[in-house]
There are 2 protein chains.
Amino acid sequence: MADTLQADTATMNKIGIIGSGLIGKSWAMLFACSGYDVMLYDVISDQLQSALVDIEAQLSALYKEGLQRSSLTLAEVKGHICTTTILEECVTGAIYIQECVPENRDLKRDVWRQIDDVITPDDVVFATSTSAIVPSLLSDHLKKRHRFMVAHPANPPLLNPMVELVPAPWTEPAAVDRARALMEVIGQVPIVLNKEIDGFVQARIQAAIIHVAWQLVSEDYVDVESLETAMSEGLGGWYAFMGPFDVKHINANGFVDSNKKYGAMVEQVQKTFPKPELMQGPAAEKLTRDLEQWTPSNRLADRCRWRDRRMSALLQLKRKLDEEGKREEPK
Amino acid sequence: MADTLQADTATMNKIGIIGSGLIGKSWAMLFACSGYDVMLYDVISDQLQSALVDIEAQLSALYKEGLQRSSLTLAEVKGHICTTTILEECVTGAIYIQECVPENRDLKRDVWRQIDDVITPDDVVFATSTSAIVPSLLSDHLKKRHRFMVAHPANPPLLNPMVELVPAPWTEPAAVDRARALMEVIGQVPIVLNKEIDGFVQARIQAAIIHVAWQLVSEDYVDVESLETAMSEGLGGWYAFMGPFDVKHINANGFVDSNKKYGAMVEQVQKTFPKPELMQGPAAEKLTRDLEQWTPSNRLADRCRWRDRRMSALLQLKRKLDEEGKREEPK
């Protein structure tokens, strides 16, 4: 399935990206690296110019690390990215449209209403990058709502390949299949939800972790440094390679045995979780001060580079280990 | 503080380990690698013999990977581990006692009652490896309960350095300080809770993730493979290096900005979490079948080796990156 979508054999090859912020730039690079013709839209011309400068810098870093997932040269990839301040020019004839405007329901609805009126192929994919708004709330008013879904990447998308695809109740399965195949062509790892739910998978897991983490810190069971260390020097060692059920499965004699040994304990612990609340008040102020000690707000960019260096090294490591695994277990 | 505990300068150097299962063996290796004299106890002599065989195999693998955290040779480390089937011999005069018997409250209480009667230094540390039983429930009956705490490692302890230290209400701060310093000497990364809570930090975070993961899978929002992939190809890329608050802090313009932008969304998602329940019924059976497809129960050991290969590579990678970081930012 995916092979038939290879860019060089596709009759139509145009990708429309709405919004040239962090996520919009990432989508532009991902598609351009696979030879798609990207048309990047934003309202302000200057914003597009600085986006292109940043794209070049990011691509250079990616090529330097050998993480470009592309047989094209850097110059060729750049040649696949055009910009426009005219929405219609961005969208007309595009086979896939990825909207990346700020996380505001009314703004997104309005942008999609405009996109909906432009001529696109019947099998176009309409995708929004929202991290938490369910797709039905963004697409009920669209003529082409059967082609609409959420395509929410992990951050940063070039170093963290997972993408959530979330259909609305009226989304055609064929639209999801097409989006999934496109994600695979550009080297992302799509996961498909069967139906929509607040927060999808990623933000639900994050919200669950924050829920207990906030209790532990705000009620003074641990300081924030210890809480963070429990993840980065403990649980994170698993999650870099495995999900939560697989961890349970192999930490006992299988999942059934794990449930038998620890099921009641896990339920008991869950029963001690508090009611959800906003993180505010003196505990939130203290937490902010402690986080600022680690990473002052004026050094967030340095910390992002620190993170990117590590995530790119992890990605390289995982590729190498998977290659080794293939050699050990020929199929 | 930690330096004064270096094994070669300590006047007393004996570590008592109760139980020679997976965790007991790991503690034995960790202490022996730092030159402590470990006395490993179990009720059955054959069990101790096979524990020694396995310890040798694990140490060999560790030395091969260069992950031994020790200036001693493999033979020297082995020379620091003795075994006994007499509890009193294991415990007498030990500066630190780590109990690793199965996760059963009555069993643990009984073992500790016996340990409590043996002569040990005044500043001994009494530590239990439980993953979820709060220390007050295991130590209220002990004469030396002021020296008692949980010391719960991540798994596998030699590749995943975090250790939770959890005091009971009656535990002296000096006992926790001593345990923390010892953990640092043997190269583990201790985190200290200020007071006890069900599941401590590790099992609470795991229970929180399983809580939402079970809902997503049992209510058919996603299949288990997608759920696992969301962690291993998405969120896990962060958690290998950072905790949940740091992630929020740098994914926005600091924690305050993150709260402002996403706080209400996070709370809304948390409000959709279901009541805790045991994982059972047809959904649990399907989940088991799906997990078995990945890793059949008769191949769990292979999967553990797969995991260990990856965790040891990640540990090496993190050391290398930290070294690079130190060169870049001399202090």
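Domain bounds here come from an automatic or database domain assignment. In this predicted model, chain A is assigned two domains: domain 1 spans 2–192 and domain 2 spans 202–320. Taken over C-alpha atoms, the centres of domain 1 and domain 2 of chain A lie 30 Å apart.

The two domains of chain A touch. Contact involves 16 residues of domain 1 and 10 residues of domain 2. The size of an interface is often given as the accessible area lost when the parts come together. Between domain 1 and domain 2 of chain A, about 1,100 Å² is buried. Carbon and sulfur atoms give 54% of that area. On the domain 1 side, the most area is lost by Glu65(A), Leu67(A) and Leu159(A). Together these residues account for 50% of what the domain 1 side buries.

One salt bridge is found between domain 1 and domain 2 of chain A. Glu65(A) also forms a salt bridge with Arg309(A), with the closest N and O atoms 3.9 Å apart. The cut-off for such a pair is 4 Å. Five residue pairs, both members at pLDDT 80 or more, are in polar contact across the interface.

By class, the side of domain 1 that touches domain 2 has eight nonpolar residues, five polar residues and three charged residues.

Methods
Residues are numbered from 1 along each chain as its sequence is written. Chains are lettered from A and ligands numbered from 1 in the order in which they are written. This is a predicted model: local features need pLDDT of at least 70, side-chain atom pairs count only at pLDDT 80 or more; totals for chains, interfaces and linings use all residues. Side-chain values use heavy atoms; hydrogens and water are left out. Contact means heavy atoms within 4.5 Å. Buried area is the accessible area (1.4 Å probe) that two parts lose on being put together, summed over both. A salt bridge is a side-chain nitrogen of Lys or Arg within 4 Å of a carboxyl oxygen of Asp or Glu. A polar contact is a pair of N or O atoms within 3.5 Å; within protein, one must be able to donate a hydrogen and the other to accept it, and residues adjacent in sequence count only if both atoms are side-chain atoms. Ala, Val, Leu, Ile, Met, Phe, Trp, Tyr, Cys and Pro count as nonpolar, Asp, Glu, Lys and Arg as charged, and the others, Gly among them, as polar.
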